[in-house]
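Here is a short note for someone opening this entry for the first time.

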Amino acid sequence: MKKFVGITKCPVGIAHTYMAAEKLQKAGQARGYEVKIETQGASGVEDELSAADVADADFVIIAADVAVDGEERFNGKPVLYAKTAEAIKDADMLIEKAPMAGIYGKNQPKTAVKQEDSHEQSPIIKQLLNGVSHMIPFVVVGGLFIALSIAIGGHPTKAGMVIPPHTIWSSMNQIGTIGFTLMIPILAGYIAYAIAGRAALAPAMISAMVANNPDILGTKAGTGFIGAIIVGFAAGYLVKWFNSWPVPKDLRPVMPIFVIPLLGVGIISAILILVLGAPISWLMTALQDMLTALSQNPETSVILGVVIGAMVAIDMGGPVNKVAFLFGVASITAGHPQIMGAVACAVAVPPLALGIATFIRRDLYSEEEKSAGIPAILMGLIGITEGAIPFATANPKQVFPSIIAGSAVASAVGMVFKITDAVPHGGPIVGVLGATNNIGLFFMSILAGVIVAVAILTTFKVRKAQKIQHAQ
Amino acid sequence: MKTFEVDNIYTDIVVGDDKSTALATLAQLFADKNGLDQAALTAGFNAREAESTTGFGNGLAIPHAKVAGLTQPIVGIVTFNTEVNWQALDETPVAIAIVLIMPLDDPNKTHLRVLSKFARKLMDDAFIHNLKQNQHDAMALYTLVNDAIEFD
């Protein structure tokens with residue numbers, strides 16, 4: 001039997017939601033369709049569409065004056081968007097047009113990040129990109145505020161780049177830090193949102209903050225953006241499963257505002273604390289022991305450089321990065337800041353390389369990536385590795401090998417040149433401020449890494465583009 | 001007090017053809033009868049019309065608003081002496097207004113569900129035809145709607 005499904009939703013949720021639903025139902029049945037319309041009104045969701053309903057449907061009609069929840073359920077189906085008024089006025093016309101409507105998930109405005117990798121994006125990539133595109137503005141604001149405040153207001157000291165308190169630069173730095181702090185829950189939250197809708201936001205965002213909070217985890221570092229991605233997917237699929245429970249009609253309205261958030265946060269946070277805390281601590285100790293062993297012997301200094309550089313790029317602010325950074329800081333305290341020099345070379349490479357790469361083959365990047373290019377370069381100059389996160393998250397298979405190799409080369413070359421850095425901070429800025437022993441060689445080390453990373457990334461990109469061309 | 005009472009049905013009200021006069025008159029009628037803030041009610045109706053017209057065709061409109069100080073919804077019917085230019089979906093002037101006034105924060109889902117049933121009923125052509133047939137007779141309208149929907 002022919003079947004279609006739909007959602008109706010209006011601003012007040014009293015009248016037009018139901019009038020539109022009724023009209024679609026009647027018009028559809030008159031034309032011999034089986035019809036099921038989900039109403040998202042003031043009394044909550046009724047006649048909720050199950051996965052089976054959607055699977056059986058030939059097409060979908062969304063008649064709504066405001067954004068509806070759970071559109072992602074219609075992945076792969078023709079979805080016609082209309083106002084409630086159009087459904088009330090002429091439901092027949094909508095039903096006629098809907099079979100020819102665009103397929104949900106293809107060229108949707110929501111997933112504005114273009115992905116050249118594949119014609120058919122897998123749902124996982126789409127969910128990831130939903131998180132990335134929501135996160136980018138936070139990274140840009142956070143990164144640029146921090147970069148400017150350090151560049152103009154910062155002074156290099158043994159404790160790092162210090163900005164005098166009660167100045168405009170210190171306020172700016174704190175505001176930028178808020179942007180960076182929010183980046184983690186936004187990434188996790190909107191990955192989960194793409195999977196399971198609004199009810200998944202709270203579990204994902206709160207749990208992502210937990211995962212990034214060393215005090216709660218009982219470790220020396222939070223899990224950074226990689227942790228946020230894992231939490232986002234875990235929370236999304238957990239809530240999706242909650243949503244599949246058969247719940248009595250009267251309880252349904254309290255599920256998304258009460259039961260699901262509480263259960264979701266409770267379960268995921270408990271897993272993070274009980275299961276993740278210990279391995280992260282163990283990993284950090286193990287990595288630190290490895291670095292200590294490598295640094296004992298001057299002959300392995302180039303290997304040490306490679307390892308440190310790779311560690312800096314691998315999770316950009318996560319636990320592995322943290323171990324490398326702290327190892328560098330310890331070398332300052334010990335009075336031979338050569339390891340910090342290697343770290344300082346490596347941290348600048350990922351954002352610099354990715355930003356510059358968007359200018360080299362501009363046609364290979366999405367609009368969003370292109371506009372993130374300049375902020376990334378600025379963040380690189382100030383030594384803020386996080387500027388590379390949006391690129392890495394959106395396109396991990398190509399970006400990670402490139403930046404890991406680039407950072408590793410930069411810090412290995414830095415080791416060879418015996419660069420030192422007396423300030424626990426990195427990037428070209430510490431050279432400009434006179435914290436390194438040889439600014440020329442310092443810049444050359446960074447440049448070497450950037451060239452390697454850009455070359456690898458561009459090769460990957462071009463090859464992928466050619467492959468797609470062949471396929472077409 | 002009940003959600004739907006015959007006292008909240010007004011027939012053959014004289015307002016002219018202007019929509020905003022009509023909305024103001026509706027607000028005055030229901031505010032006086034039910035002890036509500038007339039200005040707030042007028043503002044509520046106008047705000048909803050500004051989102052999109054509630055004139056849903058066939059000469060009917062469903063103006064609605066949420067106001068503070070109510071404990072249960074009020075459903076009323078007003079028919080006009082002369083048709084009002086409501087800028088309806090089908091551009092037909094409006095002769096009958098179905099008025100819904102809801103409490104600002106009504107935790108009672110049963111109320112909302114009854115209203116949604118009533119809204120669905122308005123898509124029934126036979127029901128609309130009967131409303132129009134009886135638009136000068138308050139008691140007949142009351143019986144007609146009460147037979148279709150169980151309000152309380």
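How many residues of chain A are in contact with chain B, and how many of chain B with chain A?

1. In this predicted model, 17 residues of chain A are in contact with 20 residues of chain B; two residues are in contact if their C-beta atoms, placed from the backbone, lie within 7 Å. Helix H1 (16-30) and helix H3 (84-97) of chain A each supply at least two residues of the side of chain A that touches chain B. H1(A) gives the largest share of that side, five residues. By class, the side has 10 nonpolar, two polar and five charged residues. Here Ala, Val, Leu, Ile, Met, Phe, Trp, Tyr, Cys and Pro count as nonpolar, Asp, Glu, Lys and Arg as charged, and the others, Gly among them, as polar.

2. On conventions, this is a predicted model in which local features need pLDDT of at least 70 and side-chain atom pairs count only at pLDDT 80 or more, while totals for chains, interfaces and linings use all residues. Residues are numbered from 1 along each chain as its sequence is written, and chains are lettered from A and ligands numbered from 1 in the order in which they are written.

3. Chain A contains 17 helices and seven strands, which are DSSP runs numbered from the N terminus (helices H or I, at least four residues; strands E, at least two). Of the 472 residues in chain A, 54% are buried, that is, with 20 or more other C-beta atoms within 10 Å of their own, these atoms being placed from the backbone. Among contacts in chain A between residues at least 6 apart in sequence, 71% join residues at least 24 apart.

4. In chain A, the axes of helix H10 (residues 301-315) and helix H11 (residues 319-333) come within 7 Å and cross at roughly 140 degrees. Axes are lines fitted to C-alpha atoms over the stretch in contact, and angles run from 0 to 180 degrees between N-to-C directions. The contact involves A:Ile308, A:Met311, A:Val312, A:Ile314 and A:Asp315 of H10(A), and A:Pro319, A:Val320, A:Asn321, A:Val323 and A:Ala324 of H11(A). Eight nonpolar, one polar and one charged residues make up this contact.

5. In chain B, the buried residues of helix H1(B) are B:Lys19, B:Ala22, B:Leu23, B:Thr25, B:Leu26, B:Ala27 and B:Phe30. They pack against strand E1 (4-13), helix H2 (38-51), strand E5 (74-84) and strand E6 (94-103) of chain B. After H1(B) comes B:Gly35, with a positive phi near 65 degrees.

Definitions and conventions. A residue is buried if 20 or more other C-beta atoms lie within 10 Å of its own, exposed if 12 or fewer, and partly exposed in between; C-beta atoms are placed from the backbone.
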